[in-house]
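Trainee: Could we go through this model together? I would like to begin with the packing inside.

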Amino acid sequence: MAEDSIAVVDLDRCQPDRCNYECANYCPPNRTGKECITKRGEDTVQGTPDQVRISEEICLGESCGICVVKCPFDAIEIINLPEELDEEPVHRYGENAFALYGLPAPQEGTVTGILGPNGIGKTTAVRILADEIVPNLGAYDTGSDWDAVIDEYRGTDLQTYLEDMQHGGITVARKPQYVDRIPNQFDGKTRELLEGTDERGVVDDLIDRLSIRPIVDQEIGTLSGGELQRVALAATLARDADFYFLDEITPYLDIGQRVSAARLIRDLAANDRSMLVVEHDLAVLDLLADTIHVAYGEPGAFGIITDPKSTRQGINEYLSGYLENENMRIRPEAIEFEQHAPRTASMGDVLIEYPDLVKSYGEDEFSLQIESGTIRENEVLGVVGPNGIGKSTFAKLLTGSIKPTDGALETHLDIAYKPQYIEIDQPMRVDSFLASITDQFGSSYWETEIGQPLQLERIMEQTLTDLSGGERQRVAIAACLSKDADLYLLDEPSAHLDVEQRVLATRAIRRYTENHDATALVIDHDIYMIDLLADRLLVFDGTPSMAGHATPPVGMREGMNEFLGNLEITFRRDQRTARPRINKPESQLDREQKAAGEYYYAVDTNES
């Protein structure tokens, strides 16, 4: 194969018992007597003996690609690597398996970000730098050791870090990506978990700064996703480490909690602690990071981590889909935001006119008050507000799964509902699950409107219980949109999705509502997603876990000013890309916008 190509076989998809080895039979080198595509054999370390392996030395590369077309299960990828890539992988998981090129370089006293799609190697890079994986430098059959790795990086910024890590000169602490797995690993009260990690004597301060004191005496297994996320962050930052690796800090957190977490991390970095943060919320990453590394490539096949860039430059290049220093296009089109003005509010006919409603869970328990309002046909209504304020309760009132304490709500509408927390315990294949929801499954209509926009093709034959968090989210969105309904209600569809997936999900929801004269109500904390998606806003405020209140839906400008004003957070729009950016607290622009009552739409005039 050409030196700038790799062959990848997805062993989860390769099913030799259901095919006639079309890949091998039609392979041009095989037909000339060479052994390019062969069975793995009894000595295989990965996969089964009957699954195939591809010799990258013999393979003709992407210019041939016959095996890719002939494989009935889409299990083979032959991929050209960027011409500029003249290095061996940092780590490869096996023969015809994922390869990672490049590592981020943690810097003392700074916050370094990594931005890139899911399945591109970001977590692998973090695990290498946290001394959980010894990189094999591409020698997956013989392995490697840290001395060889250090020698490979001699003369670079990583040399000192790797030497100190191996010789015990630095310590690391890592927050896991999926915090919902913590109850499976720890059985006890929140306080016990936090006190067990308090190596710096700072747990009490972290508890207050992350607003988790009301839950410290609760069992870990009873906590919500947002509570688990903040507990995991507190437990990690309480450790006495030189470098902290934080894998996705924002899932399940509201915007106020995200900003509080970002400020806490920045304060710790200012005290000569170093942070490496993997994050998909661009607004928070922009506020948080001093520099970022962009990760790109082909998910599941290979990933490349760039040299560090300024945060603004890195995010803007990532959105544009073109990396200037690398002269590399990583996306066929740019992710674009509307230029300095919110979308015009929908003026369609009224779909639902709901009265004043109250839902109380009893004396000294949570109570929600809803002012009367309307949801219009063919609109996307964004729902924003802090966690624990009643947004999901309102969704359940609309679906009829709970009844109001005061007021009556009878919609007589068909409602498709995607809940906030996705619990999947069925050992059913994805395609079978979706086919059970709609008889349109598999049609060109369904593929165009739902399947392709949500990138479901490669996971159709996987079992629901084996899916990652992001894959489960996309299947749940597809299941919701596949139903024949008057109102599509989606609670936190952005959770665990990367930037591209969030944009694709946003487009799928908007396109579906526009093409089918449907209405969607979307609850989410990602400002970018709400900015791209919503026609109007329904704003919730109050005291989390105690009392919530919602005013009638309003236009985007008015709604965002109300929502962000409640949180004392101001946003501006980047002049180059029109993306929302969080102003640093007490900065000149922050003070000016607050004085003018404009919390969201100021234009960034800084070109740097």
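Trainee: Which residues is Met275 in contact with, leaving aside its neighbours within four places in sequence?

Mentor: Met275 is in contact with Thr110, Val111, Thr112, Leu237, Tyr244, Leu246, Ile265, Leu268 and Ala269; contact means heavy atoms within 4.5 Å. Please note that this is a predicted model, in which local features need pLDDT of at least 70, side-chain atom pairs count only at pLDDT 80 or more, and totals for chains, interfaces and linings use all residues. Residues are numbered from 1 along each chain as its sequence is written, and side-chain values use heavy atoms, with hydrogens and water left out.

Trainee: Which residues touch the most other members of the largest nonpolar core?

Mentor: They are Leu237, Ile265, Met275, Met560 and Phe571, in a core of 89 residues. A nonpolar core is a set of buried Ala, Val, Leu, Ile, Met, Phe, Trp, Tyr and Cys residues joined through side-chain atoms within 4.5 Å. Buried means under 20% relative accessible area, exposed over 50%, and partly exposed in between, with a 1.4 Å probe and protein chains only.

Trainee: Which helix gives the largest share of this core?

Mentor: Helix H11 (residues 255-270) does, with 8 residues. Helices are DSSP runs (H or I, at least four residues) and strands likewise (E, at least two), numbered from the N terminus. Apart from this core lies another of 33 residues, among them Trp446, Leu464, Leu490 and Leu497.

Trainee: Turning to Arg209, where is it found?

Mentor: Arg209 is found in helix H9 (residues 203-209). Arg209 counts as partly exposed because its relative accessibility is 31%. Not counting residues up to four places away in sequence, Arg209 touches Ser260, Arg263, Leu264 and Asp267. Arg209 and Leu264 are 55 residues apart in sequence, yet their C-alpha atoms are 7.5 Å apart in space.

Trainee: And at what angle do H17 and H18 pack?

Mentor: Helix H17 (residues 469-482) and helix H18 (residues 499-515) pack at about 0°, with axes 12 Å apart. That makes H17 roughly parallel to H18, a term for angles under 35 degrees. Arg474, Ile477 and Leu481 of H17 meet Gln501, Ala505, Ala508, Ile509 and Tyr512 of H18.

Trainee: Last topic: which residues of H14 are buried?

Mentor: In helix H14 (residues 391-399) they are Lys391, Thr393, Phe394, Ala395, Leu397 and Leu398. Just after H14, Gly400 takes a positive phi of about 85°.

Conventions: Axes fitted to C-alpha atoms, helices over the stretch in contact; angles between N-to-C directions. Parallel < 35°, antiparallel > 145°, perpendicular 65-115°, else oblique.
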